[in-house]
Amino acid sequence: MPEDHDKDVYPEPPRQTPVVDKQTVLPNPALILSKLFYYSVDVPVTTFRGIIEGIQGNKKSHYYHQKFRRVPELTQCQEGDYLCYYEAEMQWRRDYKVDQEIVKVVQERLRACQQREGPSYRQNCNKELKQFDEVSKAFQSRYGDLGAYASARKCLMKQKERMMAEAQKA
């Protein structure tokens, strides 16, 4: 509040916090320990880090998402190459997580559009509905029915069975 306000018109609100009534002359041990930690640990570490960052100068490290190189798929691995099997499995798991996040993002966009448009969302959110249907069908066709213990090998077998079933239909 400004200094020149009218105290009758704008009275000060009552204080919610009680006034500290000090009963003892002894200092607070928690305050002493916190100051001790601050000056013995925090200040030296912060100073050391500042010096190191000053030396590095423009070589600041940036924290981005980790980028993995693409590895051969399970079908491209030689028989008995267990390292290739492992790398293909880890690549499949990363792809699975990425595909899950893609479905989540598209679903969030659809929900936001539904919230924004209200009862007429089917008409106004047609693009989002089509995109969600497409993405969820693709995810279900690739990863659906794999169970809790999904793996690259199971996914490959499912793809093979789907291709054989389509070949029999034709």
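A salt bridge is taken here to be a side-chain nitrogen of Lys or Arg within 4 Å of a carboxyl oxygen of Asp or Glu, and the structure holds seven of them. The model is a predicted one, in which local features need pLDDT of at least 70 and side-chain atom pairs count only at pLDDT 80 or more, while totals for chains, interfaces and linings use all residues. Residues are numbered from 1 along each chain as its sequence is written, and side-chain values use heavy atoms, with hydrogens and water left out.

The chain has five helices and zero strands, where helices (H or I, at least four residues) and strands (E, at least two) are DSSP runs numbered from the N terminus; read along the sequence, this gives the pattern α-α-α-α-α. Of the 170 residues in the chain, 16% are buried, a class that means under 20% relative accessible area, with exposed meaning over 50% and partly exposed in between (1.4 Å probe, protein chains only). The chain exposes about 15,500 Å², and carbon and sulfur atoms supply 56% of that area, the accessible areas coming from the Shrake-Rupley method with a 1.4 Å probe and, for residues, with only the protein chains shown counting as cover. Among the contacts (heavy atoms within 4.5 Å) with a separation of 6 or more, 44% are accounted for by residues 24 or more positions apart.

Helix α1 spans residues 29-56 and contains phenylalanine 48, which counts as exposed because its relative accessibility is 56%. Together with Ile51, Ile52 and Ile55, Phe48 forms a nonpolar patch on the surface, with about 420 Å² of accessible area for the four together. Patches are made of residues with over 30% relative accessible area and no salt bridge, like charges being joined within 9 Å and nonpolar side chains (Val, Leu, Ile, Met, Phe, Trp, Tyr) within 5 Å.

Among the salt bridges is the one between aspartate 95 and arginine 70, whose closest N and O atoms are 2.9 Å apart. This pair links distant parts of the chain, since aspartate 95 lies in helix α2 and arginine 70 in the loop between α1 and α2, 25 residues apart. Another salt bridge joins the side chains of lysine 104 and glutamate 101 (3.5 Å, N to O), both of which lie in helix α2, three residues apart, or about one turn of the helix. Lysine 104 counts as partly exposed at 43% relative accessibility, and glutamate 101 is likewise partly exposed, at 42%.

Tryptophan 92 and tyrosine 96 are four residues apart in helix α2, about one turn of the helix, and tryptophan 92 is buried at 7% relative accessibility, while tyrosine 96 is partly exposed at 25%. A tilted pair is formed by phenylalanine 139 and tyrosine 143, at 4.9 Å centre to centre and with 50 degrees between the planes. Both of these residues lie in helix α4 (residues 126-143), four residues apart, and Trp92, Tyr96, Phe139 and Tyr143 form one aromatic cluster.

Beyond helix α4, aspartate 145 is placed in the loop between α4 and α5 (152-169), where it has a positive phi of about 65 degrees although it is not a glycine, and its relative accessibility of 76% makes it exposed. Lysine 154 lies in helix α5 and touches Leu146 and Tyr149, not counting residues up to four places away in sequence. Helix α2 (residues 82-117) includes glutamate 89, which is buried at 14% relative accessibility and, leaving aside its neighbours within four places in sequence, is in contact with Ala150, Ser151, Ala152 and Arg153. Arginine 153 also lies over the face of tyrosine 85, at 5.5 Å from the ring centre, a charge being placed over a ring if NZ of Lys or CZ of Arg is within 6 Å of the ring centre and within 35 degrees of the ring normal.

Terms used: Phe/Tyr/Trp six-rings, centres within 6.5 Å; stacked < 30°, edge-to-face > 60°.
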